Amino acid sequence: PTLDRITWRTIVDATSQLQAVQAGEADIAYYIDPDTAASVEADENLQLITGPSLAIEYLAMHTQEEPGGPVANPQVRQAIGHAVDYDGIINDLMLGAAIQPATIAPEPLLGTVEVQDQRYTTDLERAQQLFDESGVGPAEITLSYNAAGSGEGGLDLETLAAKLQSDLQRIEGLTVNLNPMDDATRLEEYR
């Protein structure tokens, strides 16, 4: 069938997207969060369509001493990689609607599936060992993120940042400060 017109209306809040569909004001809600997805599944008048995506969420870290500080040390970055509770993010925050790729490239792009067994695993003992071996001593890092935004899959970035802070601070001697920022300022500072 052909369409005479498509109107794309941006509704940032996932609950408002769902309400617009339920009220007949919209036909499709895109990019809803896991809790809202559960509400769609429970509504017999709605259909939830899911599938693989090339969307990816990652931690970007400076690898140079200035401005990277402690994360310029490869062992600190590796310790961070082993401290993240990937299962908690995937199963508790995303309600199973995510996977953990091994690289910054999302699955199924070329080479990503073949290295899946090399992805980081949560290993607090290894994280602590790497951090201690790094020699950075007690360290403080800042996690900057888009304060008003949602991550991939609709996950609230404030929730994700708090989870990461909690996960990373399980490394004895590492303090993580949260720095919510507007997106334009955050990107400018990172560059």
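The largest nonpolar core here takes in 25 residues, and Ile 80, Phe 131, Ile 141, Leu 168, Ile 171 and Leu 174 have the most contacts inside it. Helices α4, α5, α6 and α7 and strands β1 and β2 each give two or more residues to this core, with α7 putting in the largest share, five residues. Keep in mind that this is a predicted model.

**Around the core**
- Looking past its neighbours within four places in sequence, Ile 171 touches Ala 79, Ile 80 and Ala 83, along with Ala 127, Gln 128 and Phe 131.
- There's also a second, separate core of five residues, among them Ala 14, Leu 18, Ile 32 and Val 40.

**Helix α4**
- Helix α4 covers residues 74-83, and its buried residues are Val 76, Ala 79, Ile 80, Gly 81, His 82 and Ala 83.

- Most peptide bonds are trans, and most residues other than glycine have a negative phi.
- The bond from Glu 66 to Pro 67 is cis, with omega near 15 degrees, and Pro 67 sits in helix α3 (residues 65-68).
- Another cis bond joins Glu 107 and Pro 108, with omega about 10 degrees; Pro 108 is in the loop between α5 and α6.
- Leu 95 is in the loop between α5 and α6 too, and its phi is positive, near 50 degrees.
- With a relative accessible area of 46%, Leu 95 counts as partly exposed.

Definitions and conventions: Residues are numbered from 1 along each chain as its sequence is written. This is a predicted model: local features need pLDDT of at least 70, side-chain atom pairs count only at pLDDT 80 or more; totals for chains, interfaces and linings use all residues. Side-chain values use heavy atoms; hydrogens and water are left out. Buried means under 20% relative accessible area, exposed over 50%, partly exposed in between (1.4 Å probe, protein chains only). Helices (H or I, at least four residues) and strands (E, at least two) are DSSP runs, numbered from the N terminus. A nonpolar core is a set of buried Ala, Val, Leu, Ile, Met, Phe, Trp, Tyr and Cys residues joined through side-chain atoms within 4.5 Å. Contact means heavy atoms within 4.5 Å.
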